[in-house]
Amino acid sequence: MIRLIVGLGNPGVEYEATRHNAGFWWMDAAARQLKASLAPDRAYHGLVARVNRSPEHGGPLWLLQPMTYMNLSGKSVAPLARFFKIAPAEILVVHDELDLLPGQMKLKQAGGNGGHNGLKDIQAQLGAGDFWRLRLGIGHPGIKAEVANYVLRKPPADERDAIERNIEDSLKVLDLMLAGEMDRAIMKLHAKPARPKPPRPPEAPAATPGVDPPA
């Protein structure tokens, strides 16, 4: 069961529309869906919201946008998780993913950080990497040396639209993720659209009774 959702990004208007802030875009949309208001909390170095749920549904759900800049995301996540006794496996981190194209996303638990500094710091601060990740594809520039500039640039309109569609689609299974029904959520998120059936060949016209076919 998920008790804490973290959306990763960088604070400040200069970063607001950049690829590295896809996690912030997701969190803003999720907060609207959950009718939650993110507010600054100095204790956790970020914007925080509490969504009240009944005990049988896991109790309070916490939403967090670290305001520490990406490289220090763990400085925000770890204190909140420790104070409320939230295990790493009860945390979902939403972030941009270079290894997926815009319009692609993947939900997984644990694994490496893929060079993502936000994930790297969260893993270091928690002392464990078995938290869940919702990876929103942003594509790769093709050259490793250009990655830093690439993630801090705004995507073109078609790529932004593809990421926004991913966000919209992932929020359709938010209830499943919150309930810990990750297998069902993964099936829905990763399902490929059904291929259209080929058109049926036209049927040959039936012969008219009593009329011989042409020679």
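The model is predicted, so local features need pLDDT of at least 70 and side-chain atom pairs count only at pLDDT 80 or more, whereas totals for chains, interfaces and linings use all residues. Residues are numbered from 1 along each chain as its sequence is written, and side-chain values use heavy atoms, with hydrogens and water left out.

**The largest pocket**

- The largest pocket holds about 380 Å³ of space, where a pocket is an open set of points on a 1 Å grid over the protein atoms alone, fits a 1.4 Å probe, and has protein on both sides within 12 Å along at least five of seven lines; the volume is the space filled by probe spheres set on the points.
- Its lining comprises 20 residues, of which H20, G115, N117, V147 and V151 are the closest to its centre, a lining residue being one with an atom within 4 Å of a point.
- Helix α4 (147–151) and strand β5 (91–97) each supply at least two lining residues, and the largest share, 3 residues, comes from α4; helices (H or I, at least four residues) and strands (E, at least two) are DSSP runs, numbered from the N terminus.
- By class, the lining has 8 nonpolar, 9 polar and 3 charged residues, with Gly counted among the polar ones and Asp, Glu, Lys and Arg as charged.

- H20 lies in the loop between β1 (4–7) and α1 (22–33) and is buried at a relative accessible area of 12%, where buried means under 20% and exposed over 50%, with a 1.4 Å probe and protein chains only.
- The side chain of H20 makes a polar contact with the side chain of D96 at 2.8 Å, a polar contact being a pair of N or O atoms within 3.5 Å, one able to donate a hydrogen and the other to accept it.
- R19, in the loop between β1 and α1, is buried at 6% relative accessibility, and its side chain reaches the backbone oxygen of Y150 at 2.9 Å.
- Beyond four places in sequence, H20 touches residues including D96 and V151, and R19 touches residues including D96, Y150 and V151, contact meaning heavy atoms within 4.5 Å.

**Helix α7**

- The buried residues of α7 (residues 182–190) are M182, A185 and L189; they cover an arc of only 60 degrees around the axis, which puts them on the same side of α7, the arc being that of the directions from the helix axis to the C-beta atoms.
- The face turned away from this buried side carries the exposed residues D183, M187 and K188.
- The cover over the buried residues of α7 includes β6 (105–109), β7 (132–137), α5 (157–171) and α6 (174–178).
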